[in-house]
Amino acid sequence: MNTALKQYIQEVFGITVTQAKQLDGYDNSNYLIVADNTNYIFKTYGYTTALFDLVQAENEALLHVAKSLNTKSPQPLKAKNGAYATRMPAENGDKICRLLTYVDGSFLGDVTHTEPLITAFGTFLAKLDVELQLVNNYTIQSRSWPWDIKCFELNKAYMEAIPLAKDRHVVLYFFQQFEAMVRPHFPELRQQIIHNDANEWNVLVTEHAVSGIIDFGDIAQSFLINEVAVALTYVCYDKEDPLRWASVFLKAYHKVLPLKPLEIELLYYLIAARLCISVCNSAYAKQENPTNTYASVSEVSAWGMLYRWLAIGPIKATNSFKEAVGFELTTLLPIDKVITRRHQHISSILSMSYDTPIYMERSAFQYMYANDGTTFLDAYNNIPHVGHSHPKVVAAGQQQMAILNTNTRYLYDNLASYAERLLSKFPPSLNKVFFVNSGSAASDLAIRMAKFHTGKSHVMVVEQGYHGNTQTSIDISDYKFNNPKGQGQKPYILKTALPDAYKGKYAGDNDTIGASYASDALNDMEPFKNNVAAFIAEPIVGCAGQVPLADGYLKAVYPAIRKQGGVCISDEVQTGFGRLGNYFWGYEMHGVIPDMVVLGKPIANGHPMGAVVCTDEIAASFEKGVEFFSSFGGNPVSCAIAEAVLEVIEEEELQQNAKETGDYYASLFRDLMHKYPCIGDVRGAGLFLGIEIVKDGTKLPNTDLAHLIKNELKGLHVLISTDGQFDNVLKTKPALCFTKANAKRVVDTIDRVLKAYYEHL
Ligand code: PMP
């Protein structure tokens, strides 16, 4: 503390400073001073009239609290002129000054948290809020600032300072949820003056009891429940089991100051908002002043809790809060009633996953939230490619839908801009794109174009392939037409064996396998030679049980197809957009370039969209026919969404994550394969894996065990599926935001299931 300041304190407050120590502060300067053997806190702030009013308002609140509550809180001390705050002239800008009593005690952040202590904290804060209900102050009421959850949106400006896109998008997700779930209820929420910063460094503990609270600098007229949200944020953010600690606090608070059902309903999102405020401000403060470490004291814990909060989910958290305060949980319709209702008008030919289907209510990134409060780790659904409800994708759709949605017969920019961006991901020979609304429509169109271009009629397909649900795409899908209930193989279809290196005709670890299968395929083609319009295959055949086409197969088949005048189509509906890690498109894995590519599912993260990418020549031929028009294909909303998907893949480096997490995930499965004889094969690439479940030590399918694993995993809150000719292959293809910790959880859970299975054999 400089001499001028000491002199000022002497002159204006009438005390002689004998010792002074600067304390950490967010954006003001605070000192612990000693005068006449008494400790005081001296605070200074850059002068503005608005802040001067606010400091005075805060003083009023402090005086009220001190009068009415038997707790310790700082007391403003009068200057000699009778004012509780003064304006100090200074060369580099005037300062606001105030002197406060010093409150002793340990910080809540420095002591071990126990249930009785957190109970005491809940009781303490509720009593404080009861008292603050009596404070009425216009300056505080008119305060609008980023640390008030009510003004959450003011923090959006700081979001850009968060360095990692993936972190930024978690924050953006909670901004969006706040708008959808909380803001509509603003008018119904009760407001009052709240302390608004009951964090562990502002709450004091003496002899295992909460004895006081300091730093009323964040005081706000806000929703009462925001006081609870702030306190819970800091009670929970460093805890393994935040819901348990939240319950302890809530029970105590609710006993003194009963909360309302709506307040409890919104609490999950309000806590998330406070966490976001914290990380936004830390990031911004760091960006502005990298040496200010105080501004980011909470950062690590806040990020940890934000990610844990996603993994807990809103429904489970809300149920836990309700139980804590004794509110009834929402009554759920029994699942059989939900199914009966569905079947009144929806055919049972639309199957449902699991013996008892799951009623899904919400989702976020790699998590799905069921209505009963179960949060599932989704290791299966690949359509939300960049994550369920990804906020950037949602925002792109919402914004474009509000501006313009029309069809390709008008001009608008994002049809061309998205086409450019998409085609930049392909080699130069693939430079035309046709947009439709599903993978099926894309397969269908691709076959139509191939026939038109080549003037040929036959289509060569791979055993167990699946390409969609239109008549043509069923015709080319052995998985469907060859089903016992299927339509059978049409005369124009030429089917060839699945080049399966694990259990097909040429299985084994030998680099001629692909060539051997290719040679058989060419033999199959012989009778139809010169009449094959197209060959279509997936690079890794999903419905066959994630079977990669054997190495070298496409390299031999593609030229032969072309030689007799046909075109080669790669169905990338499952394998495209970076999922395979090393490759953006699956065909790259086979060292070939197709003439046409079919896209769907991940292209727009769940928004219905498909596309056919092809060469100039194929497009030119097609142009000679009747007009091609799809009412919805390539509409501005779809293009905006799909463009956001590509942006997110790049910003979050998701292809790289698919590689790193996918390699790790596969390595964990391989370790498991060495442990359990029922795992016959682990295959695939990136985050597109298949685990073949067999009768111990054989290659015979063990469908029952695969189903048991799938169902047990559901019970342990992990979503995975089975597929393949015998439905004995575990299929995992999660959103590309899947983490190594998620991968470990899935494999550890399967380990647990198999351990129990072998113990009970
Ligand atoms: N091709 C492949 C490889 C697929 O997996 C699918 C869908 N499972 C389709 C095409 C059809 O896509 P959609 O369901 O969007 O019509």
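Where is Asp 215 found in the chain? Asp 215 sits in the loop between strand E10 (209-213) and strand E11 (220-223). More on this residue follows below.

## About the model

This is a predicted model, in which local features need pLDDT of at least 70, side-chain atom pairs count only at pLDDT 80 or more, and totals for chains, interfaces and linings use all residues. Residues are numbered from 1 along each chain as its sequence is written, and side-chain values use heavy atoms, with hydrogens and water left out.

## The whole chain

The protein chain has 24 helices and 28 strands. Helices (H or I, at least four residues) and strands (E, at least two) are DSSP runs, numbered from the N terminus. The C-alpha atoms fill a box of roughly 105 × 65 × 50 Å, taken along the principal axes. Of the 761 residues, 56% count as buried. Buried means under 20% relative accessible area, exposed means over 50%, and partly exposed is in between (1.4 Å probe, protein chains only).

The accessible surface comes to about 31,900 Å². Carbon and sulfur atoms hold 51% of that surface. These areas come from the Shrake-Rupley method with a 1.4 Å probe; for residues, only the protein chains shown count as cover. Now take the contacts with a separation of 6 or more: residues 24 or more positions apart account for 73% of them. A contact means heavy atoms within 4.5 Å.

The chain carries 68 positive and 81 negative charges. Their mean positions are 3 Å apart. Lys and Arg count as positive and Asp and Glu as negative, while His and the chain ends are not counted. Each charge is placed at NZ of Lys, CZ of Arg, CG of Asp or CD of Glu.

## Two packed helices

Two packed helices are described by the angle between their axes and the distance between the axes. Here, helix H6 (residues 165-182) packs with helix H13 (residues 391-403) at an angle of about 50°. Their axes are 8 Å apart. The axes are lines fitted to C-alpha atoms, for helices over the stretch in contact, and angles run from 0 to 180 degrees between N-to-C directions.

H6 and H13 are therefore oblique to each other. On the H6 side, the contact is made by His 169, Leu 172, Tyr 173 and Gln 176. H13 brings Pro 391, Lys 392, Val 394, Ala 395 and Gln 398. As for the angle classes, under 35 degrees counts as roughly parallel, over 145 as roughly antiparallel, 65 to 115 as roughly perpendicular and the rest as oblique.

Pro 163 is in the loop between helix H5 (156-159) and H6. Pro 163 counts as exposed, at 69% relative accessibility. Met 368 is 205 residues away from Pro 163 in sequence, and their C-alpha atoms are 27 Å apart in space.

Arg 190 lies in the loop between H6 and strand E8 (191-194). Its relative accessible area is 24%, so Arg 190 is partly exposed. Arg 190 and Phe 223 are 33 residues apart along the chain, yet their C-alpha atoms are separated by 5.6 Å. Beyond residues up to four places away in sequence, Arg 190 touches several others, including Ser 222, Phe 223, Leu 257 and Glu 263.

## A buried loop residue

Is Glu 652 buried or exposed? Glu 652 is buried, because its relative accessible area is 11%. Its place is in the loop between helix H21 (636-651) and helix H22 (654-675). Leaving out residues up to four places away in sequence, Glu 652 touches Ala 165, Lys 166, His 169 and His 390. Thr 722 is 70 residues from Glu 652 along the chain, with 29 Å between the C-alpha atoms.

## Positive phi values

Most residues other than glycine have a negative phi. Asp 215 has a positive phi of about 55° although it is not a glycine. Asp 215 is partly exposed, with a relative accessible area of 25%.

Asp 36 also has a positive phi, near 50°. Asp 36 lies in the loop between strand E2 (29-35) and strand E3 (38-46). With a relative accessible area of 55%, Asp 36 is exposed.
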